[in-house]
Amino acid sequence: MSSSCCNAKGNGKHHHYYPFLAAAAVITFILAAVPAASAARRRPVRLHFYMHDIAGETAVQVVKGSGPLHPSMPPGGRHFGDTTVMDDLLTEGPSMESKAVGRAQGSYVLAGLVDPVVVVTMTVKITDGPYNGSTVVIAGRDDVLAEVRELAVVGGTGQLRGASGHVLWRTAEVLGAVHYVLELDVYATVPATSSALRLHATNATPIDAGGNKETMRNNI
């Protein structure tokens, strides 16, 4: 008799917890679905251009670091803390005679005591193609002697509002002692919440390296 009573109480206790277990399972399912749903609401953006950084013209040093000569930087009297402000031309190809597609405006600071590292903060203003008038903000660590550097896309405006992703940054050419040609490949996503954004995605131009229109439609 006492055994059956204990079983009855035990069964009642387990039944009491079933609703909570079911609720926990539903919450877990919802939380797992949120990242997938968020990813589905973002659209890929690919940009490719060349940046012309010309010391003394489009890139002007505004702060001279007070420390000793930097041991790892190329010759030229570089010091820890040197700060340069830039307004660099962006072109479709590596030549300055190539089609202009924007400007890169910002600054970079020699921030490595020993390593040849500059920290870059810049806003890219696009002046051609489907993102004409929009901006994308790039920031990060540039180890100038590395073949490929990766910086972050941390924001944007206009058609690129809410952009996030990364940039592969390479030194394409060094023209003389002061003219550096940098190649930038931007891999980003933006919220796909506007019909205008979808329209622009299907009208790719050379600055948007996703040039295959069918591929772009499939990625929306």
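I looked up Val85 and found a relative accessible area of 40%, so Val85 is partly exposed. I note that the model is a predicted one. Val85 belongs to strand β3, which runs over residues 83-91.

I then checked the surface around Val85.

Next I turned to Asp142. I placed Asp142 in strand β6, residues 135-143. Is Asp142 buried or exposed? I read 5% relative accessibility; the cut-off for buried is under 20%, so Asp142 counts as buried. I looked for a polar partner of the Asp142 side chain and found the side chain of Arg149, at 2.6 Å. I also listed the contacts of Asp142, leaving out residues up to four places away in sequence. Arg149 is among them, along with Pro116, Val117, Val118, Val120 and Trp169.

Last, I went to Ala172. Ala172 sits in strand β8, residues 164-175. I read 37% relative accessibility, so Ala172 counts as partly exposed. What does Ala172 touch, not counting residues up to four places away in sequence? I found Tyr50, Val181, Leu182 and Glu183.

Notes:
Residues numbered from 1 in each chain as written. Predicted model: local features only at pLDDT ≥ 70, side-chain atom pairs only at ≥ 80, totals over all residues. Heavy atoms only, no water. Helix = DSSP H or I, 4+ residues; strand = E, 2+ residues; numbered from the N terminus. Buried < 20%, exposed > 50% of the residue type's maximum accessible area, 1.4 Å probe, protein only. Contact = heavy atoms within 4.5 Å. Polar contact = N/O pair within 3.5 Å; in protein donor to acceptor, adjacent residues only side chain to side chain.
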